[in-house]
Amino acid sequence: MNQVKSRLAALALLDRSFKSTSDEELGRAIEQLSEDLLTAFDHVVGYRAEDADSDRVAVTREAVAKGRMNGTLEKVCAVLSDTCLADCITALGDHAENPSLEELTDVMPGLLELHGLGVTRMMLASAVVGEAPASPACVTLLRDDERYALPPVEVTEAKALRPEVADDDEREAVKARRKADKQRKQAEQRARREQAARAKQR
């Protein structure tokens with residue numbers, strides 16, 4: 001797999017981890033951010049506290065949906081899973097730099113208890129996007145381990161797009177414009193022919 005495909009596959013994994021995180025888990029992760037981090041987070045997702053009807057979770061989901069390829073997805077997931085990552089590193093101890101699948105699996109229950117499934121998955125997927133040495137182990141957990149695996153991708157049936165049918169008035173207007181354009185072009189052609197004929201007679 002070339003570099004571009006690897007990058008897209010990692011982002012797809014991260015996107016799936018974010019989507020599979022419940023609103024409750026997202027809300028809890030946001031609430032646990034420090035004041036400085038929360039200010040930076042709000043700036044990234046475009047949340048404004050003065051908007052009475054604004055909801056941080058909804059705004060975050062919208063920002064991520066629009067920013068899968070511009071870095072917003074990565075920033076949001078990295079911030080929300082940062083504490084989980086720190087706890088993971090602490091739990092791994094001497095193995096933190098390049099843990100094996102077995103070593104990573106051993107610390108997963110503790111992370112799950114502290115941070116929940118959604119944020120823990122986000123942490124694993126963020127490590128893959130960041131090309132951490134443990135990426136292969138993280139991918140294995142997210143794809144193959146039934147305790148942590150992401151839900152399958154929803155396959156939606158493609159529907160053929162039907163052109164919108166214009167109403168009678170609009171259709172008549174289009175016909176009239178086409179007829180006028182045709183008459184205008186015919187008149188121009190006729191005038192050019194007459195002009196050419198006069199030029200020959202001189």
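In helix α5 (residues 72–80), the buried positions are Thr 72, Leu 73, Val 76, Cys 77 and Leu 80. These residues span an arc of only 120° around the helix axis and therefore lie on the same side of α5. The elements covering them include α1 (3–19), α2 (23–31), α3 (35–45), α4 (56–66), α6 (82–92) and α7. The model described here is predicted.

The protein chain contains 9 helices and 0 strands, and its elements follow the order α-α-α-α-α-α-α-α-α from the N terminus. Of the 202 residues in the protein chain, 32% are buried. When contacts between residues at least 6 apart in sequence are considered, 69% of them link residues at least 24 apart.

Helix α4 was examined in the same manner. Its buried residues are Val 57, Val 59, Thr 60, Ala 63 and Val 64. Because the arc that they cover around the axis is only 160°, they are placed on the same side of α4. The cover over the buried residues of α4 includes α1, α2, α3 and α5.

In soluble globular proteins, nonpolar side chains tend to be buried together. The largest nonpolar core of the model comprises 43 residues, among which Phe 18, Leu 80, Leu 104 and Leu 124 touch the most other members. Two or more residues are supplied to this core by each of α1, α2, α3, α4, α5, α6, α7 and α8 (135–144). The greatest contribution is that of α7, with 12 residues. Beyond its neighbours within four places in sequence, Phe 18 contacts Leu 26, Thr 60, Arg 61, Val 64, Leu 73, Val 76, Cys 77 and Met 122.

Two packed helices are described by the angle between their axes and the distance between the axes. For α6 and α7, the axes approach within 9 Å and cross at roughly 175°. An angle over 145 degrees counts as roughly antiparallel, and α6 is therefore roughly antiparallel to α7. On the α6 side, the contact is formed by Thr 83, Cys 84, Leu 85, Asp 87, Cys 88, Ala 91 and Leu 92. On the α7 side, Glu 103, Leu 104, Val 107, Leu 111, Leu 114, His 115, Val 119, Thr 120 and Met 123 take part. By residue class, the contact of α6 with α7 consists of 11 nonpolar, 3 polar and 2 charged residues.

The axes of α7 and α8 come within 11 Å, with a crossing angle of roughly 80°. Angles of 65 to 115 degrees count as roughly perpendicular, and this description therefore applies to α7 and α8. From α7, the residues in contact are Leu 101, Leu 104, Thr 105, Met 108, Arg 121, Leu 124, Ala 125, Ala 127 and Val 128. Their counterparts in α8 are Ser 135, Ala 137, Cys 138, Val 139, Thr 140, Leu 141 and Leu 142. The contact of α7 with α8 divides into 12 nonpolar, 3 polar and 1 charged residues. Within α8, the buried residues are Ser 135, Ala 137, Cys 138, Val 139, Leu 141 and Leu 142, and these pack against α1 and α7.

Ser 17 is located in helix α1 and, with a relative accessibility of 0%, counts as buried. Setting aside neighbours within four places in sequence, Ser 17 contacts Gly 118, Arg 121, Met 122, Ala 125 and Leu 150. Ser 126 is part of helix α7 (residues 101–129). Its relative accessibility is 18%, and because the cut-off for burial is under 20%, Ser 126 counts as buried. When residues up to four places away in sequence are not counted, Ser 126 touches Leu 14, Cys 77, Ala 78 and Ser 81.

Arg 143, by contrast, lies in helix α8 and is exposed, its relative accessible area being 52%. Although Arg 143 and Leu 13 are 130 residues apart along the chain, their C-alpha atoms are separated by 9.2 Å. With neighbours within four places in sequence left aside, Arg 143 is in contact with Leu 13 and Ala 149.

Note on methods
Residues are numbered from 1 along each chain as its sequence is written. This is a predicted model: local features need pLDDT of at least 70, side-chain atom pairs count only at pLDDT 80 or more; totals for chains, interfaces and linings use all residues. Side-chain values use heavy atoms; hydrogens and water are left out. Helices (H or I, at least four residues) and strands (E, at least two) are DSSP runs, numbered from the N terminus. Buried means under 20% relative accessible area, exposed over 50%, partly exposed in between (1.4 Å probe, protein chains only). Contact means heavy atoms within 4.5 Å. The arc is that of the directions from the helix axis to the C-beta atoms. A nonpolar core is a set of buried Ala, Val, Leu, Ile, Met, Phe, Trp, Tyr and Cys residues joined through side-chain atoms within 4.5 Å. Axes are lines fitted to C-alpha atoms, for helices over the stretch in contact, and angles run from 0 to 180 degrees between N-to-C directions. Angles under 35 degrees count as roughly parallel, over 145 as roughly antiparallel, 65 to 115 as roughly perpendicular and the rest as oblique. Ala, Val, Leu, Ile, Met, Phe, Trp, Tyr, Cys and Pro count as nonpolar, Asp, Glu, Lys and Arg as charged, and the others, Gly among them, as polar.
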